[in-house]
Amino acid sequence: MPATYFEPFIEELSPVPDAREAFLRLRGLPHCLWLDSARRHAALGRYSFLAADPFDYFELPVSGPDALAILAQKISPFQAATVADLPPFQGGAAGLMAYDLGRQYERLPPPRIDEFKLPALAMGLYDVVVAWDHECQRAWLISHGWPEIDEAARRRHARERLDQFRGRLAAEPKPPQRPQTRSIAPSDLALQFAVGGMPGLTSTFSHETYLQAVRRAIDYIEAGDVFQVNLAQRLLYPAHDDASELYLRLRERNAATFAAYFDLGEFQIASASPERFLSVRAGQVEARPIKGTRQRTRWPEADLFAGDELRLSEKDRAENVMIVDLLRNDLARVCRAESVCVTQLCELETYEYVQHLVSAVRGTLREGCRPLDLLRAAFPGGSITGAPKVRAMEIIAELEPTARGAYCGSLVYVGFDGTLDASILIRTVTAGRGWWQFPVGGGIVAQSVPALEYDETWHKAEGLLRSLR
């Protein structure tokens with residue numbers, strides 16, 4: 001039976017703490033999570049959330065039992081009503097859904113090589129959250145008191161935890177304590193080609209082998225196997241400082257609306273993603289797929305020309321529309337059929353280093369369907385697989401030599417009140433075992449030019465490369 005509802009302890013923070021400084025003070029706690037609207041936007045970059053020291057944390061492999069079913073079991077005893085007029089994540093389950101989690105729900109071949117072996121799912125249950133509303137310039141500490149169930153004990157624990165975090169926010173920053181893990185020697189890694197003119201930077205593809213992989217993808221498209229397939233090269237660079245410092249550089253140099261940092265313990269995720277995968281609030285669902293990219297320049301006139309060219313590109317528009325259709329189908333599996341609609345199609349959005357075409361698909365969950373049912377129906381996002389999704393993922397497993405890990409998975413929260421938001425992990429570094437890995441890719445369609453597709457991967461990597469040092 002669910003616990004009795006009662007409002008969490010809530011304390012407005014005044015003066016409003018700087019989110020970066022708050023992160024420096026909490027990053028030393030276990031499994032620190034920062035969902036960071038580093039790029040402010042009234043609709044998409046309004047809120048940020050910082051949490052750490054969850055009362056439960058678990059990791060699950062692809063080969064284990066149904067990960068989303070276990071997540072549902074873990075969170076079900078801890079329910080809370082939404083507190084009005086506060087940012088939407090007020091505590092709950094949050095963490096990583098790696099790309100290969102999709103193999104639990106579709107019959108897909110495993111990756112040929114998986115040297116890093118990230119978990120398929122890594123989640124914490126967070127009873128305390130620091131939440132910012134950047135538009136109102138306000139911030140709050142929210143404390144639920146879980147895992148205590150008895151109401152009196154829960155109230156005491158909620159107050160103790162609120163005091164603990166308030167004290168931590170006022171204290172001097174402490175460096176994170178990393179567990180000792182075995183570094184992977186370069187000789188134990190998959191095929192590595194020196195690329196990019198940057199000493200130490202390597203890829204799983206050479207220039208020529210990437211072009212060959214693109215040509216093979218086009219062969220599959222022309223044979224009628226798929227309409228579109230996403231293809232990525234994995235870049236690797238030796239880690240030389242703490243992943244939290246890398247993330248701070250990344251958010252400064254490549255600010256994004258769905259930027260995030262997550263400490264799994266053995267691995268850390270540092271993301272500058274511009275892409276929402278799915279959100280659910282009060283039963284209303286939204287997906288925001290990105291397809292179509294142009295590099296930005298230092299000259300505004302050139303940016304305007306490139307933006308106009310992207311808007312008018314039949315190839316890029318076709319890529320985007322294919323994924324919109326795929327997402328309409330995915331949402332219709334759990335949403336009322338008449339509610340699924342496209343509210344934005346191929347609109348131009350501008351970021352630090354690139355411009356994108358972005359669409360939006362919305363729907364209303366059917367009665368009896370939960371946010372986790374939506375994740376099961378739609379994961380991983382079609383914008384980073386291709387269409388049809390399952391055949392595209394089979395081709396990805398054939399053409400990409402290594403596991404994607406976190407890349408093209410999601411960082412997600414599922415609130416105690418059922419609210420959900422998830423990013424798609426592009427422009428993302430996974431730190432661990434002595435390395436920073438950051439795949440970059442793009443959608444291949446029949447009109448693709450292999451050399452241009454290869455160049456596009458480097459346009460997307462630029463912000464990440466500038467953050468390495």
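This briefing describes helix packing, aromatic pairs and selected side chains in the structure above.

The model is predicted: local features need pLDDT of at least 70, side-chain atom pairs count only at pLDDT 80 or more, and totals for chains, interfaces and linings use all residues. Residues are numbered from 1 along each chain as its sequence is written, and side-chain values use heavy atoms, with hydrogens and water left out. Helices (H or I, at least four residues) and strands (E, at least two) are DSSP runs, numbered from the N terminus.

**Helix pairs**

- The axes of helix 1 and helix 3 (residues 151–170) come within 8 Å and cross at roughly 110°. Axes here are lines fitted to C-alpha atoms, for helices over the stretch in contact, and angles run from 0 to 180 degrees between N-to-C directions.
- Helix 1 is therefore roughly perpendicular to helix 3; angles of 65 to 115 degrees count as roughly perpendicular, under 35 as roughly parallel, over 145 as roughly antiparallel and the rest as oblique.
- Helix 1 contributes Ala22, Arg25 and Leu26 to this contact, and helix 3 contributes Phe165, Arg168 and Leu169. Contact means heavy atoms within 4.5 Å.
- The residues of the contact of helix 1 with helix 3 comprise 4 nonpolar, no polar and 2 charged. In this scheme, Ala, Val, Leu, Ile, Met, Phe, Trp, Tyr, Cys and Pro count as nonpolar, Asp, Glu, Lys and Arg as charged, and the others, Gly among them, as polar.
- Helix 2 (residues 67–75) and helix 8 have axes that come within 11 Å and cross at roughly 170°, so helix 2 is roughly antiparallel to helix 8.
- On the helix 2 side, Leu68, Ala69, Leu71 and Ala72 meet Leu372, Leu375 and Arg376 of helix 8. The residues of this contact divide into 6 nonpolar, no polar and 1 charged.

- Helix 8 (residues 371–378) is mostly covered, with 6 of its 8 residues buried. Buried means under 20% relative accessible area, exposed over 50%, and partly exposed in between (1.4 Å probe, protein chains only).
- The buried residues of helix 8 are Pro371, Leu372, Leu374, Leu375, Ala377 and Ala378.
- In helix 9 (residues 389–399), Lys389, Ala392, Met393, Ile395, Ile396, Ala397 and Leu399 are buried.
- These buried residues of helix 9 pack against helix 4 (207–222), strand 11 (228–238), helix 7 (314–332), helix 8 and strand 19 (386–387).

**Aromatic rings and charges**

- The whole structure holds 16 aromatic pairs. Rings of Phe, Tyr and Trp (its six-membered ring) pair if their centres lie within 6.5 Å; planes under 30 degrees apart count as stacked, over 60 as edge-to-face and the rest as tilted.
- Phenylalanine 23 and tryptophan 34 are stacked, because their ring centres are 4.7 Å apart and their planes lie at 25°.
- Since phenylalanine 23 lies in helix 1 (residues 19–26) and tryptophan 34 in strand 2 (residues 33–36), the pair ties together parts that are 11 residues apart in sequence.
- Phenylalanine 23 is buried, with a relative accessible area of 0%, and tryptophan 34 counts as buried at 0% relative accessibility.
- One aromatic cluster is formed by Phe23, Trp34, Tyr247 and Tyr261.
- Lysine 74 lies over the face of phenylalanine 58, at 5.0 Å from the ring centre. A charge sits over a ring if NZ of Lys or CZ of Arg is within 6 Å of the ring centre and within 35 degrees of the ring normal.
- Arginine 216 lies over the face of tyrosine 220, at 4.2 Å from the ring centre.

**Arginine 317**

- Arginine 317 belongs to helix 7 and is partly exposed, with a relative accessible area of 37%.
- Not counting residues up to four places away in sequence, arginine 317 touches Arg311, Leu345, Cys346 and Leu357.
- The C-alpha atoms of arginine 317 and cysteine 346 are separated by 6.6 Å, although the two residues are 29 residues apart along the chain.
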